[in-house]
Amino acid sequence: MSKHVLAFTADLMFASNIEATLMRADHHVHVIDDFPSLERGLQQGGVDLVVLDLHAGAEAGAVVMLCRPMGVPVLAFGRHTEAALLRDAREVGCAEVVARSTFVEEMPALVDRNSAVR
């Protein structure tokens, strides 16, 4: 089933990889790179999942707090060397937090597993 994903990342090269991979899996992807764009995207409705690059400049807690009332889960990823950052994202309520390498390897499955049930 096709999902609508907001991908929050400031890495434009990686953003194109996310878009291509998820589009091949029949998901709709909109890449955003700032908090106001996230707010606008969520307000438009129909979002099944927010994918958060923990190195994009947004606090995981703020993203979760924005998404939670709308029932939109947050899948976060970051560098495996940043254990504290990954742990903190788990603690603030991200649905799942993985190393970037795991995200790359399992992206469509992670999106399917973590998307909101509508």
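## Exercises on a predicted model

In this predicted model, the largest nonpolar core holds 23 residues, and Leu38, Leu42, Val50 and Leu52 touch the most other members. Let's explore from there.

**Exercise 1.** Find which helices and strands each supply at least two residues of this core, and which of them gives the largest share.

*Solution.* 
- Step 1: Go through the strands. Strand 1 (4–8), strand 3 (49–53) and strand 4 (74–78) each supply at least two residues.
- Step 2: Go through the helices. Helix 2 (35–43), helix 3 (60–67) and helix 4 (83–91) also each supply at least two.
- Step 3: Look for the largest share. Helix 3 provides it, with 5 residues.
- Step 4: Look beyond this core. Another core of 15 residues lies apart from it, and Ile18, Val51, Phe103 and Leu110 are among its members.

**Exercise 2.** List the residues that Val50 touches, leaving out those up to four places away in sequence.

*Solution.* 
- Step 1: Start with the leucines, where you will find Leu6, Leu38, Leu42 and Leu75.

**Exercise 3.** Describe how helix 2 and helix 3 pack, using their angle and the distance between their axes.

*Solution.* 
- Step 1: Recall what is needed. Two packed helices are described by the angle between their axes and by the distance between those axes.
- Step 2: Read off the values. Helix 2 and helix 3 pack at about 15°, and their axes are 11 Å apart.
- Step 3: Classify the angle. Angles under 35 degrees count as roughly parallel, so helix 2 and helix 3 are roughly parallel to each other.
- Step 4: Helix 2 passes helix 3 in a right-handed crossing.
- Step 5: Name the residues that meet. Helix 2 brings Phe35, Leu38, Glu39 and Leu42, while helix 3 brings Ala62, Val63, Leu66 and Cys67.
- Step 6: Sort them by type. The contact has 7 nonpolar residues, no polar ones and 1 charged one.

**Exercise 4.** Decide whether Arg40 is buried, partly exposed or exposed, and do likewise for Asp26.

*Solution.* 
- Step 1: Locate Arg40, which lies in helix 2.
- Step 2: Use the cut-offs: buried is under 20%, exposed is over 50%, and partly exposed is in between.
- Step 3: Arg40 has 47% relative accessibility, so Arg40 counts as partly exposed.
- Step 4: Locate Asp26, which sits in the loop between helix 1 (12–24) and strand 2 (28–32).
- Step 5: Asp26 has a relative accessible area of 51%, so Asp26 is exposed.

Terms used:
Residues are numbered from 1 along each chain as its sequence is written. This is a predicted model: local features need pLDDT of at least 70, side-chain atom pairs count only at pLDDT 80 or more; totals for chains, interfaces and linings use all residues. Side-chain values use heavy atoms; hydrogens and water are left out. A nonpolar core is a set of buried Ala, Val, Leu, Ile, Met, Phe, Trp, Tyr and Cys residues joined through side-chain atoms within 4.5 Å. Buried means under 20% relative accessible area, exposed over 50%, partly exposed in between (1.4 Å probe, protein chains only). Helices (H or I, at least four residues) and strands (E, at least two) are DSSP runs, numbered from the N terminus. Contact means heavy atoms within 4.5 Å. Axes are lines fitted to C-alpha atoms, for helices over the stretch in contact, and angles run from 0 to 180 degrees between N-to-C directions. Angles under 35 degrees count as roughly parallel, over 145 as roughly antiparallel, 65 to 115 as roughly perpendicular and the rest as oblique. A crossing is left-handed if the near helix is turned anticlockwise from the far one by less than a right angle, and right-handed if clockwise. Ala, Val, Leu, Ile, Met, Phe, Trp, Tyr, Cys and Pro count as nonpolar, Asp, Glu, Lys and Arg as charged, and the others, Gly among them, as polar.
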